[in-house]
Amino acid sequence: MAFRNIFRQPFTLFLTVLVSISPTIQQQLAVGDLNALHQIMYTLTDVKDGSFFSTWNFSSPGNPCYTFAGVTCAVVNRQLRVITLCLGTGLSDSPGLAGTISGDGIYGLTELTQLILYPGIVTGFIPSQIGRRNKNLRVISLTNNRLTGTIPASISELQNLHTLDLSHNKLTGVIPLALASALPDIRVLVLAYNNLAGEIPEFSDESQLIHLDMRNNKLSGNLPETLPATLRYLSLSSNGLWGPLNRVPSSYLVYLDLSMNQLSGPIPDSLFRPSLSSMYLQRNNFSGEVPAPPPSSFSVPYGPGSTVDLSHNFLSGEIPNFLDGVETLFLNNNHFTGKVPESYVGNVFAGTTRTLYLQHNYITSFPMEKGKEMVLPDGVALCLSYNCMVPPAVGLTACPASAGGPVSRPFRQCSVFNSGNSIG
Ligand SMILES: *[C@@H]1O[C@H](CO)[C@@H](O)[C@H](O)[C@H]1NC(C)=O
Ligand SMILES: *[C@@H]1O[C@H](CO)[C@@H](O)[C@H](O)[C@H]1NC(C)=O
């Protein structure tokens, strides 16, 4: 008895505290949201070994806000509401979910700010009224599933939308015009790896977009005239875009990938700035000489980690001096002529240039120091085959299989581009 008395006092105190704060702890999830979660689970299921929904037990007395995986709640207008919903575990070894996304389920969660669907095999449409019914959404990420149909136009009504990622699905149709022009807060727009067609819509002057990725679709037409100046990351690779490249704002760009389109004309000098350290323009129809950039864009030179790929175009003129510091440089399969600048040779043998592909051009000389035995550092790849010279042996060891064939270009082709120059 004495033993009990010792503990009675603190125990009662503890209970009192618990009871007085219980309205918050015990607040139940709003009934509408509970029903919505029920509907969402009804049309989705774990793929065989998955266990995402194992915690979604509607018969258990626990509060879904604390017991259901992927559900986060907050008190909004004195009610406990679901504010984020992450469907799937997001673990890399998780098979994800199957089924469809219930529109009625999602629409019920009117305070939702984040909707995330992790990679899986979910099919069906994106709920078409999502932009009208879930007004508070800031993040929509429904990637790596099998969603079909078009991008709902209503998404352009989401005034707070910051991130939209619908990549790696089977979406078709055109990109709603307002998606680019009517979302004041959008920063990240990723529609890559779908079957979207038509032109890229024009962006609003006020757009603050930082990251735009529409690679691997079926987009066509010219580049938009109004790409946001705030962009840091731009990929439109592997589409059917054509026309000139004079509209890419480069001030803040660090990553640009326009490869595998049919863009043509010259490459503007404004794109050659070392701050744009990853530039992929290969496999287009670019022509003309590589322009010397304004010296002001070279406060820091190209250096470690930089990649420039201009391969498989129709570029001509001499190999430009100012790209000599690029770590991974592809200039192969163009119409470049003349001598490779000595600084390139130095950087390759110093190992600061790790990859230098110059094969399939009309180059006449790779000026190595005569008599000195030059050994390429480990891991450096140099390819010089099929030019207007007999390449040094070090210039053939790292050629890709696609550069096979004769080590030199037939003389009659060389005379056209290097009239008056001798070969060797
Ligand atoms: C759900 O909760 C109820 C009540 O706590 C329990 O009886 C039941 O076994 C649970 N179901 C599953 C699948 O865990
Ligand atoms: C690009 O070049 C290829 C090969 O020369 C040509 O067939 C194609 O018509 C060109 N496309 C454009 C849009 O200029």
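In the strand pairing, W242 stands opposite Q262 in β16; strands here are DSSP E runs of at least two residues, helices are H or I runs of at least four, and both are numbered from the N terminus. Before I go on, the ground rules: this is a predicted model, where local features need pLDDT of at least 70, side-chain atom pairs count only at pLDDT 80 or more, and totals for chains, interfaces and linings use all residues. Residues are numbered from 1 along each chain as its sequence is written, chains are lettered from A and ligands numbered from 1 in the order in which they are written, and side-chain values use heavy atoms, with hydrogens and water left out.

Back to the sheet. Strand β14, residues 240-243, and β16 pair in the parallel sense over two bridges. Two strands count as paired if DSSP finds at least two bridges between them. β16 is also joined by two bridges to strand β18, residues 285-289, again in parallel, and there G265 stands opposite F286.

At the β24 end, three bridges join β24 to strand β22, residues 335-339, in parallel, and G338 stands opposite I363.

Next, the helix. In α7, residues 342-350, the buried residues are Y344, V345, N347, V348 and F349. Their cover includes β21 (328-330), β23 (355-357) and β25 (381-383). After α7 comes G351, with a positive phi near 80 degrees.

Now a loop residue. N169 lies between β8 (163-165) and α6 (177-181). Why is N169 classed as buried? Because its relative accessibility is 8%. Its side chain reaches the backbone oxygen of S167 at 3.3 Å. Leaving out residues up to four places away in sequence, N169 touches L142, T143, N144, N145, R146, L147, Y193 and N194, where contact means heavy atoms within 4.5 Å.

Last, the ligands. Ligand 2 has Q262, N285 and F314 around it, a residue being near if one of its heavy atoms lies within 4 Å. A polar side-chain atom of Q262 is 2.9 Å from a nitrogen atom of ligand 2, and one of N285 is 2.3 Å from an oxygen atom of ligand 2. On its own, ligand 2 has 360 Å² of accessible area, of which the protein covers 38%. Areas come from the Shrake-Rupley method with a 1.4 Å probe; for residues, only the protein chains shown count as cover.

What surrounds ligand 1? N57, S59, S60 and P61 do. An oxygen atom of ligand 1 is 2.3 Å from an N or O atom in the side chain of N57. Taken alone, ligand 1 exposes 360 Å², and the protein buries 29% of that.

Key
Polar contact = N/O pair within 3.5 Å; in protein donor to acceptor, adjacent residues only side chain to side chain. Buried < 20%, exposed > 50% of the residue type's maximum accessible area, 1.4 Å probe, protein only.
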